[in-house]
Amino acid sequence: MAKKLTKSYEPDEVEARWYKYWLEEGLFRAEDKSDRKPFSIVIPPPNVTGILHMGHALNNTIQDIIVRYKRMQGYNTLWMPGTDHAGIATQNVVEQELAKENLTRHDIGREKFIERIWQWKERYGGIILNQLQKLGCSCDWSRERFTMDEGLSHAVREVFVRLYNDGLIYQGDYIVNWCPRCHTAISDLEVEYEEENGGLWYIEYPFAEGDGGIIVATTRPETMLGDTAVAVNPADKRYKNVVGKSVILPLVNRKIPIIADDYVSAEFGTGAVKITPSCDPNDFAMAERQDLEIVIIMDGNAVINENGGVYEGQDRDVCRENVVADLKKGNYLVKEEAYVHNVGRCYRCKTVIEPAVSKQWFVKVKPLAKMASAAVVKGDTKIIPKLWEGTYFEWMENIRDWCISRQIWWGHRIPVWYCDDCNNMIVAIEEPTKCTKCDSSNLRQEEDVLDTWFSSGLWPFSTLGWPEETEALKTFYPTSLLVTGFDIIFFWVARMMMLGLYIQKDIPFEHVYLHALVRDEKGNKMSKSKGNSIDPLEMIDKYGTDAFRFTLAAFTAQGRDIKMSEKRIEGYRHFVNKIWNATRFSMITLEDYTEGDIALRDDDYSLCDRWIMSRLNRMTADVTRCIDEYKFNDAAGKVYQFVWHELCDWYLEMAKPVLYGKGEPAKRQATQKTLFMVLINSIKILHPFMPFVTEEIWQTLTKDEGSIMVSTFPVEDEGLRDEGAEKKMELIMSVIGSIRNIRGVMHITPAKKMKVLISISDDRLIPEIADGKDYICDLANLEKLGIKGRVEEPEGVATGVVGPINIYVFLEGIIDVKVEKARLEKELTKIGKDINFLSRKLDNCDFMEKASKEIIEKEKSRFEEFKDKRVILEEALKKVVAIRG
C-alpha cells in the first residue's frame with residue numbers, strides 16, 4: 001500500500017476535493033432508462049430565500065443517508081433537487097430592498113417588480129443549494145427545478161384548469177385569514193396561534209322595545225360596529241323568552257335580532273354573544289345558516305371603513321380604545337376583566353390576522369381528501385412513525401375548502417381572464433387572444449396568484465416532466481420515499497397526496513418518513529432571539545461535515561425531538577479521529593499484505609479473527625435492518641459501537657502481537673486479511689453517514705476501484721456467524737474488564753504488571769479461559785496468570801467476579817498500603833459529605849416543589865452514583881487493610 005493517510009484528518013481540504021470529484025464523475029446522476037431497480041426521492045424544496053438551518057440539515061442528512069445507502073445497494077437512485085419560489089417570503093425580501101430606495105412595488109408596477117424578483121433570485125437564489133452541497137448532499141444537480149420554471153409553470157396551469165373543469169375549483173365570497181401587512185389571504189395552516197393576555201368586555205345591548213337588555217361578552221369590542229345579530233344557545237333557559245326579539249346596537253344605533261344557534265356555548269361569558277360575520281369565521285358560518293346580513297367594517301389595512309361611522313379611518317387598535325371609551329360614556333359597558341386567549345398571527349410577518357370577507361378562489365378538497373385517506377388506510381402509502389396516521393386522518397376528515405388565491409404579485413398568476421366588454425370569464429392553460437363569447441380582445445388576467453403550496457403540491461410529478469409522459473416520469477413515479485418534518489404534514493404532504501392521486505391516479509410516494517424537530521440540549525425550541533440556536537455551517541467549519549451529520553443521525557429517534565448541543569458534535573469529531581487513527585495504524589500493519597500469497601486454512605484464523613468477523617456480520621445485518629426501518633439512531637449506534645469499541649478497543653489490541661510478527665506467517669496473513677476485510681466493510685457501512693472521511697480512506701486502501709459511493713454495500717453472510725467465538729470472547733473480555741476495573745479502583749498505574757489467579761467453579765469454562773490466556777495477559781498487562789478450578793480466596797487480593805469465575809488480583813508489592821489506605825479514607829469522607837448533602841436536598845420539600853423535573857432526576861441519579869461508589873471504595877479499603885493485617 002503505497003498511499004498513506006496524513007497524520008491528522010483535515011475536513012476542509014478533503015470535503016472540497018471529494019465533492020468536486022463526485023460532481024465531475026457524474027456519480028449523483030440517475031438514468032431515465034435502466035435495468036436497475038429505481039429508487040427516487042424528491043427534496044422538500046427549500047425556500048429560494050432560505051439559509052441552511054438545523055431543520056434543513058437534519059432533513060437533508062436523513063435523505064442523503066438513504067440515497068447513498070440505496071445507491072450502494074445497486075439501485076438506480078434519483079434524488080431530485082430544487083427550490084420553492086416562496087411567494088410571500090420572497091416578495092417581502094424584495095419589497096424591503098425597494099424600501100431602502102424609498103420605493104414600493106406600486107411605484108414601479110407589477111411587471112418591473114417581477115423583474116426585480118427574478119434578478120434577486122438569480123443573484124441569491126442558489127445560496128441554500130450551495131450550502132446543501134457543503135452538507136454532502138448527493139442530489140442529481142443536473143435536474144435542478146424551481147417551482148416557477150417554465151415546465152412547472154405549465155404544469156400548474158394544467159392542473160388548475162383540470163380542477164376547474166371538474167368542478168373542484170370555484171370562486172366565492174368567503175371569510176379568510178387576512179394579513180394586513182402582507183395584504184393577502186393566507187390559509188388556516190399559515191396562521192400561528194399563541195396564548196396572549198387580553199380582555200373580556202361585557203356590553204349591554206338594550207332591547208328595541210321595552211326596558212332592559214341583553215349582556216354579551218367579547219374579546220374584540222371594536223368589531224361590534226359590524227354586528228348583525230346577538231346569539232344564544234337554544235337550550236339556554238335564561239334566554240328562552242328573548243329569542244326573536246331585537247336589540248339596538250350601541251354606538252351604531254342599528255336594530256339587530258336575537259337568534260338561537262347550537263354553536264353558542266352557554267358557558268362562555270354570559271351565554272349571549274355578538275355576531276359579526278365579517279370578522280369571525282364561526283360568525284360567518286352562522287350568518288350563512290341564519291341568513292344574516294354581512295357588514296364589512298375594515299379595509300385591507302385593518303382600518304375602519306365607511307361602515308364604521310364616526311370611527312372611519314381609525315386603525316383597529318385605536319378604534320378598540322375609542323369604542324371602549326364611548327361604551328363607558330354611554331353606560332353600555334357593564335364590566336371588563338383580564339382574559340387569556342389564542343391570537344392568530346401571520347406565519348411570515350407575525351402580524352395579527354384579521355378575518356375578512358372577500359372574493360377568493362378555492363379548491364373543493366373533500367373528494368380529494370377521501371382518496372388520500374383511503375391510500376393510507378389501504379397501506380399504499382405508509383406513514384412512519386405510524387403514530388402520525390391518526391393526525392393525518394383526523395385532519396382529512398375535518399378538512400375545509402382550500403383557499404388558493406393570494407393577493408400578491410410574486411407567484412403563479414391564476415390562469416383566468418375576464419372580458420371587459422361582456423364580463424365573460426375564461427379559464428385556460430394558454431393566454432387567450434380573444435373572448436370565447438364575444439370575440440373581443442379587451443381581456444385582463446386575474447390579479448391574484450396561487451398559494452405557494454399549490455405548485456409545491458405537484459412537486460413529485462411536475463419535477464419529472466409532467467404533463468409530458470417523460471421516461472423519468474415512467475421510471476421514478478411514484479417516488480419511493482418522502483422525508484419531511486411532521487410540522488408540514490398538512491401544508492404539503494396531504495396536498496401532494498390529494499393532487500398526486502387526482503392527476504396521476506397513483507400515490508406520489510410509497511413511504512413518508514416524518515422526522516421530529518431539532519431543539520437545544522434542554523429541549524427548548526431554537527431561536528436567534530433566545531441565543532440558543534446552532535448554525536450548521538459554523539459546526540461544519542469547526543468539526544467537519546461528517547461529525548455533524550453523524551451527530552444528527554445518532555440522535556434521530558422516531559417520534560422524539562432531537563436535543564442538540566455543540567458538545568455532542570465535538571464528541572463525534574473524536575469518533576472521526578478514532579476511525580482515522582485506527583486506519584493509519586492498520587495501514588502500517590498491512591503494508592506487506594497481498595491477498596493469496598499463502599493458502600490459508602480455517603485454523604490459521606485466531607479466536608479474535610473469527611469473533612470480529614462474526615461481530616461485523618451481525619453489525620451489517622443490524623445496520624441494514626435499522627436503515628430499512630428508518631431507525632437512524634439505532635443504525636448509527638450499532639456502527640459506532642462496533643467500530644469504536646469492538647474493532648478499535650478490542651480487536652486491534654488483541655491482534656497487535658500477531659500483526660507485529662509474533663507467531664506463524666500464515667496466522668499473521670489470516671489476521672491481516674481479517675483486518676482488511678473488517679476495515680473495508682466498516683467504512684462502506686459508515687459511508688452513508690460519513691461520506692467524506694470514508695471516501696478518503698477508501699481511495700487510500702483500494703486500487704483503481706472508483707468511488708466508495710458506487711461500491712457494494714455489505715450484506716449479511718450467514719457463513720460468517722460464529723456464536724461460539726462470540727460467546728468465548730464475551731467471557732474473555734469480561735475477565736479483562738474486571739481486572740482493569742480493579743486496577744482503576746486500587747489506583748494501580750496501567751504500566752505496572754500484576755499477578756492474577758483465576759478460579760473457575762464451572763470446569764467447562766476452564767479451556768475457554770485458557771484459550772484466551774494470551775489476550776488476558778496482553779490486555780490486562782499481567783506478569784503472571786494462573787487458571788485453576790475452584791480455590792479458596794487467597795489473602796491480600798482484590799476480587800472480581802464474572803459469573804462462575806472469581807478473579808484474584810494480588811496487591812502485595814503492587815500498592816503502597818499506607819498511601820492507598822489514606823487515599824481511600826479521604827475519598828470515603830468526601831463522598832460521605834456528598835451523600836449527606838444530596839440526601840438533605842432531596843428531603844427538602846421546597847427544592848422538590850420548585851426544581852424542574854430534569855434537575856430533580858439529575859440529583860437523584862448523582863445520589864445513587866455516590867452510594868454505589870461508596871460501596872466500591874469501602875470494599876477496596878477492606879482489601880487494603882487486610883494486606884496490612
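This note goes through a predicted model in numbered points, from the whole chain to single residues.

1. **Basis of the note.** Because the model is predicted, local features are given only where pLDDT is at least 70 and side-chain atom pairs only at pLDDT 80 or more, while totals for chains, interfaces and linings use all residues. Residues are numbered from 1 along each chain as its sequence is written, and side-chain values use heavy atoms, with hydrogens and water left out.

2. **Overall picture.** The protein has 885 residues, of which 54% count as buried, where buried means under 20% relative accessible area, exposed means over 50% and partly exposed lies in between, for a 1.4 Å probe and protein chains only. Its secondary structure comes to 27 helices and 29 strands; these are DSSP runs numbered from the N terminus, with helices (H or I) of at least four residues and strands (E) of at least two. The C-alpha trace spans about 110 × 70 × 55 Å along its principal axes. Among contacts (heavy atoms within 4.5 Å) with a separation of 6 or more, 77% join residues 24 or more positions apart.

3. **The second largest pocket.** The second largest pocket has a volume of about 1,400 Å³ and is lined by 45 residues, with Thr219, Arg220, Asp280, His341 and Asn342 nearest its centre. On a 1 Å grid over the protein atoms alone, a pocket is an open set of points with protein on both sides within 12 Å along at least five of seven lines, and lining residues have an atom within 4 Å of a point. Grid points are joined across faces, edges and corners, and the volume is the space filled by probe spheres set on the points, the probe being 1.4 Å.

4. **What lines this pocket.** Strand E7 (191-206) is one of the elements that supply at least two residues of the lining, and others include strand E13 (333-346) and helix H8 (316-329); E7 gives the most, with seven residues. By class the lining has 20 nonpolar, 13 polar and 12 charged residues, where Ala, Val, Leu, Ile, Met, Phe, Trp, Tyr, Cys and Pro count as nonpolar, Asp, Glu, Lys and Arg as charged, and the others, Gly among them, as polar.

5. **Threonine 276.** Threonine 276 is placed in the loop between E12 and H7 and counts as buried because its relative accessibility is 2%. Its side chain makes a polar contact with the side chain of aspartate 227 at 2.5 Å; such a contact is a pair of N or O atoms within 3.5 Å, of which, within protein, one must be able to donate a hydrogen and the other to accept it, and residues adjacent in sequence count only if both atoms are side-chain atoms. Leaving out residues up to four places away in sequence, threonine 276 touches Thr223, Gly226, Asp227 and Asp283.

6. **Arginine 238.** Where does arginine 238 lie? Arginine 238 is in the loop between strand E9 (229-232) and strand E10 (246-249), and it counts as exposed because its relative accessibility is 51%. Its side chain makes a polar contact with the side chain of aspartate 236 at 2.7 Å, and a polar atom of that arginine 238 side chain lies 3.2 Å from the backbone oxygen of threonine 270. The C-alpha atoms of arginine 238 and threonine 270, which are 32 residues apart along the chain, are separated by 9.8 Å.

7. **Threonine 545.** Threonine 545 lies in helix H16 (residues 545-554) and, at 0% relative accessibility, counts as buried. Its side chain reaches the backbone oxygen of lysine 134 at 3.1 Å.

8. **Backbone geometry to check.** Most residues other than glycine have a negative phi, and most peptide bonds are trans. The peptide bond from isoleucine 384 to proline 385 is cis, with omega near 0°, and a cis peptide bond also joins tryptophan 466 and proline 467, with omega about 15°. Lysine 350, in the loop between E13 and E14, has a positive phi of about 70° although it is not a glycine. Lysine 505 has a positive phi near 60° and is found in the loop between helix H14 (489-504) and strand E23 (509-515), where its relative accessible area of 64% makes it exposed.
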